[in-house]
Amino acid sequence: IEEKYGLPDQKVMEAYRESVHGRALKKSGLLGTAVCTDCHGNHTILAGDKPRSATHRQNIPTLCGKCHPGILEGFEKSVHGKGMRAGIAESPVCTDCHGEHTITKITDPQSTVYSKNIPRTCSACHEQEAISSRYALPKKRFSTYMDSFHGIALEYGMTKAANCASCHGFHDILPSTDPASPTHKANLAKTCGKCHPKAGENFAKGYV
């Protein structure tokens with residue numbers, strides 16, 4: 001049946017059972033956790049490539065935001081959220097970073113948003129030549145980060161070392177030109193100070 005109608009196979013169902021949502025339902029008994037119908041609907045299930053589908057890419061943030069409204073609010077104000085709403089297809093949505101049926105806790109070393117994995121997750125888009133050129137984004141962010149003290153420390157298991165999200169944020173990422181961004185020049189000392197107490201303006205001027 002799966003092959004004939006293009007339905008998800010048992011691997012998808014098993015992935016869901018082991019995901020943060022599946023475990024919450026099966027092992028914790030949380031009836032409010034997301035199940036198939038919460039995301040796909042019931043009588044009006046449509047393929048994900050249909051614009052009216054609940055799981056169409058443009059609808060993913062609103063879909064996830066039904067259960068995670070605070071996160072949606074931050075995302076909508078972010079550079080990614082604004083880009084997505086403006087129709088920029090490359091702008092990431094929830095599933096690009098967290099996955100779909102395989103979503104796990106951020107404390108799980110297998111999670112795409114586990115501290116050690118964040119640089120690779122972000123670089124999946126930011127290292128693409130087509131994206132960085134089209135939107136005038138800085139290049140070689142992954143390699144320069146991995147060569148830095150933070151990158152080396154993270155690679156060797158110091159999971160508290162700063163990763164992309166430590167400085168740029170995660171759901172609410174803003175351009176460094178935005179005064180509200182933690183990487184805006186006026187905010188760098190405070191951002192560095194989260195890990196380096198008493199870090200001042202001169203500290204923030206140093207090459208990272």
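Colleague: So, arginine 85: buried, partly exposed or exposed?

Modeller: Arginine 85 counts as partly exposed, at 40% relative accessibility. The scale calls a residue buried under 20% relative accessible area, exposed over 50% and partly exposed in between, using a 1.4 Å probe and protein chains only. Keep in mind that this is a predicted model, where local features need pLDDT of at least 70 and side-chain atom pairs count only at pLDDT 80 or more, while totals for chains, interfaces and linings use all residues. Residues are numbered from 1 along each chain as its sequence is written, and side-chain values use heavy atoms, with hydrogens and water left out.

Colleague: Which side chain does arginine 85 meet in a salt bridge?

Modeller: That of glutamate 76, at 2.8 Å from N to O. A salt bridge here is a side-chain nitrogen of Lys or Arg within 4 Å of a carboxyl oxygen of Asp or Glu. Glutamate 76 is partly exposed too, with 27% relative accessibility.

Colleague: And how many salt bridges does that rule give?

Modeller: Seven. One of them joins aspartate 96 and arginine 57, at 2.9 Å from N to O. Aspartate 96 sits in helix α8 and arginine 57 in the loop between α4 (36-40) and α5 (60-65), so this pair ties together parts 39 residues apart in sequence. Helices are DSSP runs (H or I, at least four residues), numbered from the N terminus.

Colleague: How exposed is aspartate 96? And arginine 57?

Modeller: Aspartate 96 is partly exposed at 38%, and arginine 57 is partly exposed at 32%.

Colleague: What about glutamate 73, which residue does it form a salt bridge with?

Modeller: Lysine 77, with the closest N and O atoms 3.7 Å apart. Glutamate 73 is partly exposed at 48%, and lysine 77 is exposed at 52%.

Colleague: OK, packing now. Which residues make up the largest nonpolar core?

Modeller: Six of them: Phe142, Tyr145, Met146, Ala153, Leu154 and Ala161. A nonpolar core means buried Ala, Val, Leu, Ile, Met, Phe, Trp, Tyr and Cys residues joined through side-chain atoms within 4.5 Å. The elements giving two or more residues to this core are α11 and α12, and α11 gives the most, with three.

Colleague: What does alanine 161 touch, leaving aside its neighbours within four places in sequence?

Modeller: Alanine 161 is in contact (heavy atoms within 4.5 Å) with His150, Ala153, Leu154 and Ser166. Another core lies apart from the largest one and has five residues, among them Ile60, Leu63, Phe75 and Val93.

Colleague: And helix α9, what do its buried residues pack against?

Modeller: They pack against α8 (94-98), α11 (141-146), α12 (149-155) and α13 (164-168). The buried residues of α9 (118-126) are Ile118, Pro119, Thr121 and Ser123.

Colleague: Speaking of serines, where is serine 148?

Modeller: In the loop between α11 and α12. Serine 148 is buried at 8%, and its side chain reaches the backbone nitrogen of glycine 151 at 3.2 Å.

Colleague: Last one, serine 132: buried or exposed?

Modeller: Buried, with a relative accessible area of 3%. Serine 132 is in helix α10 (residues 129-134). Leaving aside its neighbours within four places in sequence, serine 132 is in contact with His126, Leu137 and Lys139.

Note on methods: Polar contact = N/O pair within 3.5 Å; in protein donor to acceptor, adjacent residues only side chain to side chain.
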